[in-house]
Amino acid sequence: MNITLHVWRQKDAKSKGRFVKYEANDIIPDMSFLEMLDVINERLTLEGEDPIAFDHDCREGICGTCGLVINGRAHGPRARTTACQLHMRSFKGGDVIWIEPWRAKAFPVVKDLIVDRSAFDRIIAAGGFISAPAGSAPDGNAIPIPKENADLAMDAAACIGCGACVAACRNASAMLFTASKVAQFGLLPQGQPERDVRVKRMVAQMDLEGFGNCTNHRDCQAVCPKSVSVDNIARLNRDFIRSTLVADRRAAVGVGSAG
Amino acid sequence: MELNAKIPSGPIEGKWEKHIFEMKLINPTNKRKYSIIVVGSGLAGAGGAASMAELGYNIKCFCYQDSPRRAHSVGAQGGINAAKNYRNDGDSVFRLFYDTVKGGDYRSREANVYRLAELSVNIIDQCVAQGVPFAREYGGLLDNRSFGGALVSRTFYARGQTGQQLLLGAYQALERQIGLGKVKMYPRHDMLDLIVIDGRARGIVARDMVSGELEIHLADAVVLATGGYGNVFFLSTYAKGANGTAIWRAYKQGAAFADPCFTQIHPTCIPVTHEHQSKLPLMSESLRNDGRIWVPKKKGDKRPPNEIPEEERDYYLERMYPSFGNLAPRDISSRAAKRVCDEGRGVGKTGLGVYLDFRDAIERLGPDVINDRYGNLFEIYERIEDEDPYKVPMRIFPATHYTMGGLWVDYNLMSTLPGCFVIGEANFSDHGANRLGASALMQGLADGYFVIPYTIGDYLGSTKFEKVSEDHPEAQAAKAAVEDRIKRLLSINGKRTIMSFHRELGRIMWEHCGMSRNRPQLEEALQKIPALREEFWENVRVPGAKEELNQSLEYANRVADFLEIGELMNLDALEREESCGAHFREEYQTEDGEALRDDENYAHVAAWEYAGEGKKPIRNVEPLTFEYVPLARRSYK
Amino acid sequence: MESSVISVPVGAAAAKRAGYLRAYYGSTVGKKQVMAVTGVIMVLFVIGHMIGNLQVYLGAESLNHYAELLRALGHGGLIWVVRGLLLAAVVLHIWSATALTLGSWAARPIGYRHRQRWIESTYASRTMRWGGPILLLFIIYHLLHFTTGTLHGDFVTGDVYHNVVAGFSIWWVSAIYIFAQLVLGLHLYHGAWSMLQTLGLSHASYDRLRAGLAIFVAFVVAAANISIPLAVLTGVVS
């Protein structure tokens, strides 16, 4: 089948970008969306043009590297699917497809469809962990965890950090990302000692990065390839109240030493 | 070249503890005077970087991805082994050790494997403490499942995303150290060469993949945790960016490359469906717990699977290996699949596929239980193949998945190049000629959390370091060499794309050095690959410039190295005149088609030493002795 | 150059420096929670107000008596306490909303070319930022209309029933009220659900109840309030 693409091209972070139109011919429905872009890039290379830069790595929907807004929807038309797992059978011949990068101030474009998502790493560095230096752990079965909690924690932990939630949010908010980590650890006994500190630090960092606020539209969970639920956002909100208004204000804000 | 594995003396149960005691310790306040470069941020790299930072060392960590969280450890699905014996089913450290040595077809080092089995129990504890949401039972205790090559249930898992969850645990520990300023993280950086000064690894040349700038980074030791080189096959379960460049550069600087031909072909992957395919997604081995593998008994039977009656199906694994059945080890299952397909009984459009059928399991357990266990895997399959595995059996076929070979390391995980440590899949150590399922995660984390933090201290504490600067002639020379190579790649401006070369190399590798090998095929490949490499350097087209984000340039650099690695793999396969584990030489097989080892001549590690451009590398040998797991014919019947 | 090096985060340090409440209100989550709490106050007021309004159906005496009662409670002090509370809630609500909205606009300086596909967001959720200012204008009008009488052509102090009937007899005044109540319904529909979410009051067992409550409150308030101008226009109340 033949398809028309409008792809955002931008030389680097400083340059101005624009949409460029490409014809994608003889596309096989079994191809993945990224394989379709591979084919275009092979052609562009031989024609002496600069291939389209896009982020990808595992191509099996788990690393979270790929991210394209396809016809106005993060990761394209299929629910619970990353762009790399989207197949061309989801489109039909003659379709016009607009491909855009994630749009957010906190995710500046690096080149073409590639954005800089290091803001997510900094949110994790601010508190998205349980301090457990290697060698210090008790036996894995020392603390039983109710299966329901473990399952809910796993649901939250399924986040792949792709940033689709931010891309789809009207406010470019990173609440779903941040909340998934806060909720995961909040549900586990191991996460309790740092629970108050964690939510405060992570929210502070999230705000600093320039993400918008959450207005509970829920489009984030709709585009999330791993179906991370906005229930986690409610958990974050609850923890935030607890940590800032209820917890003893003398409790430390800092984290442990480097060891 | 001298290969001293530095295995501590004494009984195997006490070697590691004894070694820890004998190692040099560094005063906690002095640790911060040392700097260490870690390349790679998967389980081994992130775990190692975080643990070493926790001890107080200054770490620089590099990865080519945009975030350390994306390292391809994330792709491991099924689980991680640990000898916890929580099931009360007879597991022990010794049994895990035994299974792993046997599973590796007696081509691994006993002392290393024992240590791995010993540390496996600590890993689970460590990960639970980090908040990894392992599957649990209603009583709140950790759940287990079975995996190939074992008769006990010792595999811990987090749904079908165990690798992801373990990696996030290590990544979060790493991010914590980044926040504390103990680790400086360099994402989107490609290591392009190793800097060796006075015979010691002292740094790397890295390319900032955003600005294109070449940087020199110096340290007291370099730890390579860059994973395997399986992408030499083009189609594999690896991440697209996974590459062998870092270890290949180290090899060229003097680190020996061990057993390069030991590559794991995973039996349960999604088959190739079209010519532009770029990836073979993995379907977790855990599916074989409940799925049954079969092909039609008749050749060329094109009926839809559900119309083939029971008596016309051949559940060949259950038939050939009755005691392990569908849970036979990976090398054996893959080869069996190839055999039935070669007989013309393969399924699917290409005839290169076998069925993995859940009909009986769904009948026995109900769809809900199956959904609970494998729901996300079924969904992945449905996404890709557009078929519902609840109704139609999955079609699977073997694909390259892991490289047991890698840089040779001693018991301390140091390569033959002093100061250059290699951990995780990048080294050769623990899996011999075949890796058992759920062991890669175990090895990566054992190396990272629990081995390297000790052994690197011993090296640092017993070595005197001269202060070096970026102006050092060796550092400058390494940078200049990288720069030359980049310029050369960009100036070829030929007529073929990089991917077309990579695809062709992959085809050669798959056909000549894949699931089964023979002398004529390998010799032919040793003609074809150098010719292809020559063409590459004359006719490849690498668009763009060097001082920008240039994915083509990154790719070209990697493919150029694959074109050399592939040759060494063939050479190694040619010179190992026996069959063992994943290395199946058709000339050496039993009457019933099983691998025939030659312990008299080949119970050793082949460590290849670079001899210079255009020269045949030197094959060094580290003999393997088996004191605790007596050499025996591996049988899963 | 270290263009893509991850630097040490500064969020924690910032949180430590700022004072306690300032850190709370300084965060987007804190502001949103202030909006939720002030929202709860206003929703309760709106429900109370609606119940009071419905007394119009009991006749002039009943309504006027009720109005007098409100003014007299606590020696005439209570009404000012409530007014003060409401004013504070309105100011905080608007102040926070404005700050958050400006932040959100800044968070996406370049938008999408292709129209974004909304999936779970609702018309109500997407129009909150329109609904807010419209309701503010309406409240000002409403106060000048029924409380001070400034914009009422036939205002009789103390005779609430008369003022209502006279006011709503004019078709375009009724139209303004009906339109405002529709906007209020939408604002309440998203707002009621949203505030529970923002305050973290979600629970798997009650989530359906939460959604139902939002619809119920929005519908009842809007319907009851709209019924009054309709009743006047159709002569049911006169």
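In strand 5 of chain A, Glu100(A) is the bridge partner of Val69(A), a handy place to start a tour of this structure. This is a predicted model, in which local features need pLDDT of at least 70, side-chain atom pairs count only at pLDDT 80 or more, and totals for chains, interfaces and linings use all residues. Residues are numbered from 1 along each chain as its sequence is written, while chains are lettered from A and ligands numbered from 1 in the order in which they are written.

**The sheet in chain A**

- Strand 3 (residues 69-70) and strand 5 (residues 96-100) of chain A pair in the antiparallel sense over two bridges; strands here are DSSP runs of E with at least two residues, helices are runs of H or I with at least four, and both are numbered from the N terminus.
- Two strands pair if DSSP finds at least two bridges between them.
- Chain A has an open sheet of five strands in the order 2-1-5-3-4, with mixed pairing.
- Its edges are strand 2 (18-24) and strand 4 (73-74) of chain A, each pairing on one side only.

**Nonpolar cores**

- The largest nonpolar core holds 306 residues, and those touching the most other members are Ile36(B), Val223(B), Leu224(B), Leu407(B) and Cys420(B).
- Such a core is a set of buried Ala, Val, Leu, Ile, Met, Phe, Trp, Tyr and Cys residues joined through C-beta atoms within 7 Å.
- Another core lies apart from it, with 33 residues, including Ala36(C), Leu63(C), Leu188(C) and Val232(C).
- Beyond its neighbours within four places in sequence, Cys420(B) is in contact with Leu194(B), Ala201(B), Val222(B), Leu224(B), Ala250(B), Ala255(B), Met414(B) and Ser415(B); contact means that C-beta atoms, placed from the backbone, lie within 7 Å.

**Two domains in chain B**

- The assignment for chain B gives domain 1 (35-185 + 192-262 + 404-609) and domain 2 (272-398), with bounds that come from an automatic or database domain assignment.
- Taken over C-alpha atoms, the centres of domain 1 and domain 2 of chain B are 29 Å apart.
- Between them, 25 residues of domain 1 of chain B are in contact with 25 residues of domain 2 of chain B.
- On the domain 1 side of that contact there are six nonpolar, 16 polar and three charged residues; Ala, Val, Leu, Ile, Met, Phe, Trp, Tyr, Cys and Pro count as nonpolar, Asp, Glu, Lys and Arg as charged, and the others, Gly among them, as polar.

**Chain interfaces**

- Chain A has 52 residues in contact with 45 residues of chain C.
- Helix 8 of chain A gives the largest share of the chain A side, ten residues.
- That side divides into 21 nonpolar, 15 polar and 16 charged residues.
- Chain B has 72 residues in contact with 66 residues of chain A.
- Here helix 6 of chain B gives the largest share of the chain B side, nine residues.
- By class, the chain B side has 29 nonpolar, 26 polar and 17 charged residues.

- Lys6(B), though not a glycine, has a positive phi of about 55°, and lies in the segment before helix 1 (15-22) of chain B.
- Lys6(B) counts as exposed because it has 12 C-beta neighbours inside 10 Å; the cut-offs are 20 or more other C-beta atoms within 10 Å for buried, 12 or fewer for exposed, and partly exposed in between, with C-beta atoms placed from the backbone.
- Leu413(B), also not a glycine, has a positive phi of about 70°, and is found in the loop between strand 16 (406-407) and strand 17 (420-422) of chain B.
- Leu413(B) is buried, since 25 other C-beta atoms lie within 10 Å.

Key
Contact = placed C-beta atoms within 7 Å.
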